[in-house]
Amino acid sequence: MTKPLDGIKVLDFSEHGYVPSAAAALADFETCAAMFSPAVWGTPMRDVGYLHARSGAAFALLRLGERKRARELAEDELADTRAFRAPRALGVALRAVGLATGGEDGIRLLDESVATLRRSPAVLERARSLVEWGAALRRAGRRVAAREPLVEGLDLAARCGARPLAARAREELRAAGARPRREWRTGAEALTPGELRVVRLAAAGRTNREIAHELYVTLKTVEGHLSRAYAKLGITGRAQLPEALDGEKTRVPTL
């Protein structure tokens, strides 16, 4: 076991076999938080999003049913990140406080977390906040409102390869009365097999009539596939197809 730093209490779970749990996670986050103590650095230190030890501990405490303590830690981190103003750090802290607060105030904070993370390249954190926001709306009985953030969260989680998060988003969508057929809703990954065949031929220079003849479908079918594909790809016409299809991602299966 690594020698503990002076002034830091490190718990050893190896004696009974280490089993990941909320309690073990809490102990680890508390150890991380202790690294910012004046006893270690000789001067006051504040974690403004480098470790997220307080919000991490808050998430663990929520699993353990200690909501009051979780909220105190999360709000402490939020105060520091609001002063620091880094979007990613602030978005994570807002999510922690929102979950610890619960109710309509919690939903508002989760909404703010998503809005803040839209200003950050931290896509996975945005996906987490979207799923938590949607789940909170669903628990509040606002099932229709919950679907949009859950669908977006599922899309981003799938793009990040975050399979457990994508699986949870799907479960929440089902609980909200939706039946998501695909993980992606934008980009090349969102295209159906039929749409993908049509746009590849169109990108290669085929006319709509030539595509219809080659695929044994009607001209109206080709036009419909192209229209839906343009919307998913965020383009306005076939001239943009080669660039939109360039470097198509390999689909990442979700649970």
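Gly205 follows helix H10 and has a positive phi, near 105 degrees. The model is predicted. Its protein chain holds 13 helices and zero strands. Of its 255 residues, 42% count as buried.

**Overall fold**

- Read from the N terminus, the elements of the protein chain run α-α-α-α-α-α-α-α-α-α-α-α-α.
- Take the contacts in the protein chain with a separation of 6 or more: residues 24 or more positions apart account for 56% of them.

**Helix H10 and its partners**

- H10 spans residues 193–203, and helix H12 spans residues 219–233.
- The buried residues of H10 are Gly194, Glu195, Leu196, Val198, Val199, Leu201 and Ala202.
- These buried residues pack against helix H11 (208–215), H12 and helix H13 (241–245).
- The axes of H10 and H12 come within 9 Å and cross at roughly 90 degrees.
- H10 is therefore roughly perpendicular to H12.
- On the H10 side, the contact uses Gly194, Glu195, Val198, Val199 and Ala202.
- On the H12 side, Val222, His225, Leu226, Arg228, Ala229 and Lys232 meet them.
- By class, the residues of this H10–H12 contact divide into six nonpolar, two polar and three charged.

**The loop between H12 and H13**

- Ala239 sits in the loop between H12 and H13.
- Ala239 counts as exposed because its relative accessibility is 74%, and the threshold for exposed is over 50%.
- Ala239 and Ala203 are 36 residues apart in sequence, yet their C-alpha atoms are 7.5 Å apart in space.

**Nonpolar cores**

- The largest nonpolar core has 22 residues.
- Within this core, Trp133, Leu150 and Leu165 touch the most other members.
- Helix H6 (103–117), helix H7 (123–139), helix H8 (143–160) and helix H9 (163–175) are the elements that give two or more residues to this core.
- H7 supplies the largest share, six residues.
- A second, separate core has 17 residues, including Val199, Tyr230, Leu241 and Leu245.
- Trp133 contacts Ile107, Leu110, Asp111, Val114 and Pro149, leaving aside its neighbours within four places in sequence.
- In soluble globular proteins, nonpolar side chains tend to be buried together.

**Helix H5 against H7**

- Helix H5 (residues 87–101) packs on H7 at an angle of about 25 degrees, with the two axes 10 Å apart.
- The two helices are therefore roughly parallel to each other, as angles under 35 degrees count as such.
- The crossing of H5 past H7 is left-handed.
- H5 brings Arg88, Gly91, Val92, Arg95 and Leu99 to the contact.
- H7 answers with Glu125, Arg128, Ser129, Glu132 and Arg139.
- By class, the H5–H7 contact has two nonpolar, two polar and six charged residues.

**Ser129 in H7**

- Ser129 is found in helix H7.
- Ser129 is buried because its relative accessible area is 0%, and the cut-off for buried is under 20%.
- Setting aside residues up to four places away in sequence, Ser129 touches Gly91, Arg95, Ser113, Val114 and Leu117.
- Val114 is also among the contacts of Trp133.

**Glu112 in H6**

- Glu112 lies in helix H6.
- With a relative accessible area of 24%, Glu112 is partly exposed.
- Not counting residues up to four places away in sequence, Glu112 touches Arg82 and Leu94.
- Glu112 and Leu90 are 22 residues apart in sequence and 9.6 Å apart in space, C-alpha to C-alpha.

**Leu78 in H4**

- Leu78 lies in helix H4 (residues 67–84).
- Leu78 counts as buried, at 8% relative accessibility.
- Its contacts, leaving aside neighbours within four places in sequence, are Leu90, Ala93, Leu94 and Val97.
- Leu94 is also touched by Glu112.
- Leu78 and Val48 are 30 residues apart along the chain, and their C-alpha atoms are separated by 8.4 Å.

How values were computed
Residues numbered from 1 in each chain as written. Predicted model: local features only at pLDDT ≥ 70, side-chain atom pairs only at ≥ 80, totals over all residues. Heavy atoms only, no water. Core = buried A, V, L, I, M, F, W, Y, C linked by side-chain atoms within 4.5 Å. Buried < 20%, exposed > 50% of the residue type's maximum accessible area, 1.4 Å probe, protein only. Helix = DSSP H or I, 4+ residues; strand = E, 2+ residues; numbered from the N terminus. Contact = heavy atoms within 4.5 Å. Axes fitted to C-alpha atoms, helices over the stretch in contact; angles between N-to-C directions. Parallel < 35°, antiparallel > 145°, perpendicular 65-115°, else oblique. Left-handed = near helix turned anticlockwise from the far one by under 90°. Nonpolar A, V, L, I, M, F, W, Y, C, P; charged D, E, K, R; others polar.
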